[in-house]
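Please keep the model open while reading.

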Amino acid sequence: MPEQRRDYLLQQTELLRQFVARLVRDRNPAGVDEALQLALSLQERLFPLPAAEFLVLDADEQVSRLLAQETPAAGREKCETYAALLREAAFLYALRGRDDLAAGARQLALHVVLLASATPPGETTRQLVLKLTNDLAGEPLHAPVAALLAEFEHDQA
């Protein structure tokens, strides 16, 4: 991914994170649709594919697309950015009262970051996994996600 495009996506993701934090803090649902549209737009830039095309792919296929034609470090960064975007979208879904969509977005985010993690994982990966597992506390994990998380945790011990 060209550095200029990566920097733009990281800046926009941080702006989205701040926007979401404000919406969550103020408990004001106004702006949720706008923030969700921004999250989707940023995801489209990451792939780059229309949402209708990448949203139908399973996690393995999405990660393969994100890693394609990238260095290992740049591919991991794209996957981590995608996971961060999904995490922010989950907060927005929760604000809308769509806990099912929020849990799904968090679970996909965790799946993506675990699939793309390096051995040994970097600090960004470890922090993102920790945040997502905390977000998902009490939620049953899908079998592939649970298996990847167990492997990740075993490698960290």
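A salt bridge is taken here as a side-chain nitrogen of Lys or Arg within 4 Å of a carboxyl oxygen of Asp or Glu. What follows concerns a predicted model, in which local features need pLDDT of at least 70 and side-chain atom pairs count only at pLDDT 80 or more, while totals for chains, interfaces and linings use all residues. Residues are numbered from 1 along each chain as its sequence is written, and side-chain values use heavy atoms, with hydrogens and water left out.

Because Asp 135 belongs to helix α7 (residues 123–135) and Arg 87 to helix α5, the pair ties together parts that are 48 residues apart in sequence. Arg 87 counts as buried at 15% relative accessibility, whereas Asp 135 counts as partly exposed at 22%. The side chains of Asp 100 and Arg 98 also meet in a salt bridge, at 2.9 Å from N to O; Asp 100 is partly exposed, with a relative accessible area of 48%, and Arg 98 is partly exposed at 38%.

Helix packing comes next. Two packed helices are described by the angle between their axes and the distance between the axes. The axes are lines fitted to C-alpha atoms, for helices over the stretch in contact, and the angles run from 0 to 180 degrees between N-to-C directions. For α6 and α7 the angle is about 155° and the axes are 10 Å apart, which makes α6 roughly antiparallel to α7, given that angles over 145 degrees count as roughly antiparallel, under 35 as roughly parallel, 65 to 115 as roughly perpendicular and the rest as oblique. On the α6 side the contact, meaning heavy atoms within 4.5 Å, is made by Arg 106, Ala 109, Leu 110, Val 113 and Leu 114, and on the α7 side by Thr 125, Leu 128, Val 129, Leu 132, Thr 133 and Asp 135.

The helices α4 and α5 pack at an angle of about 130°, with their axes 8 Å apart, and they are therefore oblique to each other. Their contact involves Gln 62, Val 63, Leu 66 and Leu 67 of α4 together with Gly 75, Arg 76, Lys 78, Cys 79 and Tyr 82 of α5.

Which residue in the loop between α4 (59–67) and α5 deserves a look? Gln 69 lies there, and although Gln 69 is not a glycine, its phi is positive, at about 60°. Most residues other than glycine have a negative phi. At 84% relative accessibility, Gln 69 counts as exposed.

Conventions: Helix = DSSP H or I, 4+ residues; strand = E, 2+ residues; numbered from the N terminus. Buried < 20%, exposed > 50% of the residue type's maximum accessible area, 1.4 Å probe, protein only.
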